[in-house]
Amino acid sequence: MPADPLHILIAAAVSWVNFIAIDLFFRLPERGGVSGASEIGRQIEAGGGALPGGYMMGNIVSSPDASAGTLLAACGVFIAGVPGGLLTALLVYLGNRVCHDPGYAGTTGCITATFIVYGFSLIGISPASFIAGMVIAILTIQGISSVHASRLLATLWGWRRA
Amino acid sequence: MTPEEAALTVCVVVAAYAGIRVLLERNTVKKLPFLNVCSFAVAGSIVLILPHPLTIIAAAAYFIGTTLESNAIASTYAGGIREE
């Protein structure tokens with residue numbers, strides 16, 4: 001099957017929605033889960049960004065959240081189908097405990113992403129496209145502009161709280 | 001180009017880009033989000049290059065390990081664990 005750039009873009013959009021929705025549902029922008037995440041949030045705010053978005057970006061850096069869950073679920077499904085995805089959910093759960101994260105955003109994101117990636121593989125979008133898609137999705141949040149990304153996340157957080 | 005090769009190309013390009021952003025950013029704490037992107041791209045590349053069941057564990061261990069390191073670096077800059 002030849003590669004289709006559209007598949008990677010669809011996978012990136014689906015991955016983006018999956019991890020942002022679950023991270024907002026688990027209230028990641030509310031506060032830094034560990035002191036390091038709070039510090040990243042404060043530094044981003046000091047650079048002109050928004051504090052809730054900075055906290056969420058700090059939390060993404062400091063512990064495997066739904067974005068990491070989505071990436072590792074895509075990796076697991078790519079190699080071993082749904083059982084592989086569920087194995088990564090267990091690994092993300094252990095990773096959260098290692099990183100002193102009391103939440104379940106990573107594990108939940110991993111389980112939902114396992115079934116999403118498997119579902120899209122049935123209609124011809126390879127799990128490999130989801131690996132690249134999730135890399136692009138995290139690039140848009142963490143890798144381009146911390147100021148603009150934190151403001152976008154703060155806006156979405158405002159909708160979540162409303 | 002197969003989907004796997006296309007995905008690997010994306011991962012490698014993003015990893016190189018994020019690595020350059022890490023080098024260019026002067027504030028140590030603000031390097032960490034770029035390092036996070038680099039870790040995502042490298043974890044994805046590991047799986048795409050070595051499709052084997054044990055690779056799932058290797059990629060997850062690599063990714064969780066880098067996350068823990070970023071957590072430790074940021075917490076050190078924040079002044080330790082007083083806030084927790």
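In this predicted model, helices α1(A) and α5(A) are roughly antiparallel to each other, because they pack at an angle of about 150° and anything over 145 degrees counts as roughly antiparallel.

**Helix α1 against helix α5 in chain A**

- Helix α1 covers residues 5-25 of chain A, and its axis lies 10 Å from that of α5(A).
- The crossing of this pair is right-handed.
- On the α1(A) side, the residues that meet α5(A) are Val14(A), Asn18(A), Phe19(A), Ile22(A) and Asp23(A).
- Their partners in α5(A) are Ala105(A), Thr108(A), Gly109(A), Thr112(A), Ala113(A) and Ile116(A).
- Sorted by class, the contact of α1(A) with α5(A) holds six nonpolar, four polar and one charged residues.

**Helix α4 against helix α5 in chain A**

- Helix α4 spans residues 66-98 of chain A and helix α5 spans residues 105-122; their axes come within 6 Å.
- The contact of α4(A) with α5(A) is made up of 17 nonpolar and 14 polar residues, with no charged ones.

**Chain B on its own**

- Chain B has three helices and zero strands, and its elements run α-α-α from the N terminus on.
- With a radius of gyration of 15 Å, well over the 12 Å that the globule rule gives for 84 residues, chain B is more spread out than a compact globule.
- Taken along the principal axes, the C-alpha atoms of chain B fill a box of roughly 50 × 30 × 15 Å.
- Of the 84 residues in chain B, 49% are buried.
- Among contacts in chain B with a separation of 6 or more, 50% are between residues 24 or more positions apart.

**Where chain B touches chain A**

- Chain B gives 46 residues to the contact and chain A gives 50 residues.
- On the side of chain B that touches chain A, the elements giving two or more residues are α1 (3-24), α2 (28-49) and α3 (53-77) of chain B.
- Helix α3(B) supplies the largest share of that side, with 15 residues.
- By class, the side of chain B that touches chain A comprises 31 nonpolar, nine polar and six charged residues.

Terms used: Residues numbered from 1 in each chain as written. Chains lettered and ligands numbered in written order. Predicted model: local features only at pLDDT ≥ 70, side-chain atom pairs only at ≥ 80, totals over all residues. Axes fitted to C-alpha atoms, helices over the stretch in contact; angles between N-to-C directions. Helix = DSSP H or I, 4+ residues; strand = E, 2+ residues; numbered from the N terminus. Nonpolar A, V, L, I, M, F, W, Y, C, P; charged D, E, K, R; others polar. Rg over C-alpha atoms; globule rule 2.2 N^0.38 Å. Buried ≥ 20, exposed ≤ 12 C-beta atoms within 10 Å, placed from the backbone. Contact = placed C-beta atoms within 7 Å. Parallel < 35°, antiparallel > 145°, perpendicular 65-115°, else oblique. Left-handed = near helix turned anticlockwise from the far one by under 90°.
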